[in-house]
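Look over the sequence and the structure, then read on.

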Amino acid sequence: MEDTFDALEHEGLQIISKCSAFARDGSENKALEREAVEAAKRAETVLFYMGLDEISESEGRDRDHMKLHENQASVLEAVAAVNPNVAIILSAGSPVEMPWLAHAKALLDGYLGGEAGAAAMAEVITGKVNPCGKLAETLPFAYEDVPGHQEYPAQEWNACYKESLYVGYRYYDTAGVPVRFPFGYGLSYTTFAYSDICVAPQSVSFTLTNIGDCSGSEITQLYISKPDSEIFRPRKELKGFAKTCLQPGESKRVTIALDDKAFRYFNIRTEKWEVEDGVYRLTIAASSAEPKLSALIEVNGTGAPNPYAHIQLPSCYRTGKVQSVSDRDFETLLGRTIPQPPKGIHRNSAIRDLKHSRAPLGFIAAGALAAVEKRNVEKGTPDLNTDFIYNMPLRGIAKYIDLIDMAVADGLVMEAKGFWIIGLLRALAALIHNQAANATLAKTLEKQAKHGERLPEGSGN
């Protein structure tokens, strides 16, 4: 396994200098910045590596922003001031805001490359490999552009998906929200031309030509739309794609199938998939924002009734502008009131909710975990056990610890509600019973293994 610099040198690049440039924890370090600036002055091209730190990439937690540490952007700006030939190599498992992008001439987004990521990046940087990847998600300008940003991360009982089907490009395209990079976007070292679209009942075909100077692959995408739709739906929907490899000057006929899922939608009134009658537009595109060819097709529908004809559908679901959906509008779409959380502490309360406990054991445990969680965030070092336990429902303890079953968990719930002695005694009695049951099961399994006997049905905990 090669590291980044070994991989670059292996591909023939001359490394003038290498340095850390910034502190990974986000703290300011002028010495590292000065070293990076001096190195940039001596180089022909700067490869500037940026990315999220471990605490941001950790499982067991939700990010509440989409920013990189500010020190990365400030060092980038300083480096670009002395050498404008900057290429950013980004490592991040999810989208980040990029207000600093103007300080670079190129961006190579590697997501999380794994053990072979350094060598793969080096081959793309040197042109040994022509990149052909396309974004499988939209990269917005800012977290505030995400339709559900006011609802997440959810800290309360309910997590309401008020945006409905307006997720990703379906939202940005329908609501007309500008984005940094659209869904399906990706550059190549060559250029492709699209021509001669032809629509058949079960497929769309077109000609793709490599008009550049090197071989490469293009991922073409098929979107459908129905502007006069009676039901509410996104402005367009991805329904197929194809990857085609072409030599310079080569053309190929590309066909993308229109299967039984191409035009359907789920009708909540008939409780099955239906097709709306009428004329649809088929668009072949290089990304959700780069249409290349289009044609119309008439489709016979299933004749299903409009599932929302009997209600006054809120305008936000017609326009796709679902940045701030009220509870009342969401309930209109939902067809019922939003479920209300049970009062007090219960099985489904998270351990972090024990801060509202009526028992010292509960709020001391929640406070201790909260303090550890805060310290981990400040250090930038994730602790998966702390994250999982802090956000675990009380019923989850029964699955997380072998000696505890649901009866023990219920005893702890009673204790947290304020029945201190009864709750602890109930939990202790259940714990003893569970331990005895586990011991009996272990003997049964040992006997089975020794004599080849069949385990009795209903055994185990």
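Asp260 counts as exposed because its relative accessibility is 58%, and exposed means over 50%. This value, like every other here, comes from a predicted model. The side chain of Asp260 meets that of Lys261 in a salt bridge, 3.4 Å from N to O. Lys261 has a relative accessible area of 42%, so Lys261 is partly exposed.

**Salt bridges**

How many salt bridges does the structure hold? The structure holds 15. Some of them share partners: Glu11, Glu123 and Lys128 are joined into one network in this way. Three pairs are set out below.

| Salt bridge | N to O distance | Accessibility |
|---|---|---|
| Asp260 and Lys261 | 3.4 Å | Asp260 exposed, 58%; Lys261 partly exposed, 42% |
| Glu28 and Lys30 | 3.4 Å | Glu28 exposed, 63%; Lys30 partly exposed, 42% |
| Arg233 and Glu276 | 3.1 Å | both buried |

Take Glu28 and Lys30. Their side chains meet in a salt bridge. Glu28 is exposed, since its relative accessibility is 63% and the cut-off for exposed is over 50%. Lys30 stands at 42%, so Lys30 counts as partly exposed.

Now turn to Arg233 and Glu276. Their side chains also form a salt bridge, at 3.1 Å from N to O. This pair links distant parts of the chain, 43 residues apart. Arg233 lies in the loop between β6 (216-225) and β7 (237-246). Glu276 lies in the loop between β10 (272-275) and β11 (278-287). Are Arg233 and Glu276 buried or exposed? Both are buried.

**An open sheet**

Which strands form the open sheet, and in what order? There are three, in the order β4-β5-β8, and the pairing is antiparallel. The edge strands are β4 (192-200) and β8 (251-257), each of which pairs on one side only. From one strand to the next, the twist averages 20°. In general, strands of a sheet pair through backbone hydrogen bonds, in parallel or antiparallel fashion.

Between β4 and β5 (residues 203-210) the antiparallel pairing runs over seven bridges. Ala200 stands opposite Ser203 in β5.

Thr190 sits in the loop between α6 (169-175) and β4. Is Thr190 buried or exposed? Thr190 is buried because its relative accessible area is 8%, and buried means under 20%.

The side chain of Thr190 makes a polar contact of 2.6 Å with the side chain of Asn210. The Thr190 side chain also reaches the backbone oxygen of Cys214, at 3.3 Å. Leaving out residues up to four places away in sequence, Thr190 touches Asn130, Asn210, Gly212, Asp213, Cys214 and Gly216.

**Cysteines**

How many disulfides does a search of the whole structure find? The search finds zero. A disulfide is a covalent bond between the sulfur atoms of two cysteines.

Why is Cys214 in no disulfide? The nearest cysteine sulfur, that of Cys245, is 10 Å away, whereas a disulfide needs a pair of sulfur atoms within 2.5 Å. Cys214 has a relative accessibility of 24%, so Cys214 counts as partly exposed. Cys198 is partly exposed too, because its relative accessible area is 42%.

Terms used
Residues numbered from 1 in each chain as written. Predicted model: local features only at pLDDT ≥ 70, side-chain atom pairs only at ≥ 80, totals over all residues. Heavy atoms only, no water. Buried < 20%, exposed > 50% of the residue type's maximum accessible area, 1.4 Å probe, protein only. Pairing = 2+ DSSP bridges. Helix = DSSP H or I, 4+ residues; strand = E, 2+ residues; numbered from the N terminus. Axes fitted to C-alpha atoms, helices over the stretch in contact; angles between N-to-C directions. Polar contact = N/O pair within 3.5 Å; in protein donor to acceptor, adjacent residues only side chain to side chain. Contact = heavy atoms within 4.5 Å. Salt bridge = Lys/Arg side-chain N within 4 Å of Asp/Glu carboxyl O.
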